[in-house]
Amino acid sequence: MSLVKLNIKGISYSQTQNGAYALILNEEDGDRKLPIVIGAFEAQSIAIALEKEISPPRPLTHDLFKNFADRFDIVVKQVIIHKLVDGVFYSSLICERDKIEEIIDARTSDAIALALRFQAPIFTYKNILDKAGIYLKVNPKKDDEDQDTQDSILMDELVANELEPNAPVESFKSKTIEELHKLLNEAVANEDYEKAASIRDEISKRE
């Protein structure tokens, strides 16, 4: 399967769903965009890495990983978004130490935050981009500034579609404590942290 190089287009925030962000990746030699839902912490970490002039007073988690890797001569050579299952993207860090390569599984948001810090390229497979990539309309008559505004509006609409389904919020009030703990473990295993947070809140109310 052929790899497609991706660049970071930007981060969009959902105006109606608190804490919901989408990282927008753009294929380097094409017009398709790949939206990936990420958490607030990861969005902040990626935004700080993109803004070279911003330096937090203390190292963030991804900065600590970078410092640790530097100390032990470990280099992240590239990130590959290699799988898409039920709307969840799976990624790998291709690392190297002493000319030996290792592949490490990672959440896509963490992988991209690290790729920025190591200045490592980001790739995905063509079949994933074919499945999840989206074209944003481009108006060739617009100047660059207007086009950026147009892209921003279109990305916001895209984020709304990705992050704001019409399904009702699940209620956990009828569940027992044992059932809630089981559901919490399942949500964490599935990386559904929003659901896990709701379950945790319900458990906290009862305990």
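Biologist: Is K77 buried, partly exposed or exposed?

Modeller: We judge that by relative accessible area: buried means under 20%, exposed over 50%, and partly exposed in between, using a 1.4 Å probe and protein chains only. K77 has a relative accessible area of 35%, so K77 is partly exposed. Before going on, please note that this is a predicted model, where local features need pLDDT of at least 70, side-chain atom pairs count only at pLDDT 80 or more, and totals for chains, interfaces and linings use all residues. Residues are numbered from 1 along each chain as its sequence is written, and side-chain values use heavy atoms, with hydrogens and water left out.

Biologist: What does K77 form a salt bridge with?

Modeller: The general idea is that side chains of opposite charge can pair when their charged atoms come close. We call it a salt bridge when a side-chain nitrogen of Lys or Arg is within 4 Å of a carboxyl oxygen of Asp or Glu. K77 pairs in this way with E96, and their closest N and O atoms are 3.4 Å apart. E96 belongs to strand β5 (residues 88-97) and K77 to strand β4 (residues 75-85), so this pair ties together parts that are 19 residues apart in sequence. E96 is partly exposed too, at 27% relative accessibility.

Biologist: How many salt bridges are there by this rule?

Modeller: The count is 11. One of them joins R107 to D110, with 3.0 Å between the closest N and O atoms. R107 is partly exposed at 24%, whereas D110 is buried at 18%. Elsewhere, salt bridges that share partners link E27, R32, K126 and D130 into one network.

Biologist: How many helices and strands does the protein chain have?

Modeller: Helices (H or I, at least four residues) and strands (E, at least two) are DSSP runs, numbered from the N terminus. Here the protein chain has seven helices and eight strands. Of its 207 residues, 38% count as buried.

Biologist: Which helix is mostly covered?

Modeller: Look at α3, residues 108-118: 11 of its 11 residues are buried. D110 is among them, as are A113, R117 and F118. Just after α3, Q119 takes a positive phi of about 55°.

Biologist: What does the charged end of K66 sit over?

Modeller: A charge sits over a ring if NZ of Lys or CZ of Arg is within 6 Å of the ring centre and within 35 degrees of the ring normal. For K66, the ring is that of F118, with the charged end 5.1 Å from its centre. K83 does likewise over the ring of Y90, at 4.6 Å from the centre.

Biologist: Which side chain makes a polar contact with that of S45?

Modeller: A polar contact is a pair of N or O atoms within 3.5 Å; within protein, one must be able to donate a hydrogen and the other to accept it, and residues adjacent in sequence count only if both atoms are side-chain atoms. The partner of S45 is H62, at 2.7 Å.
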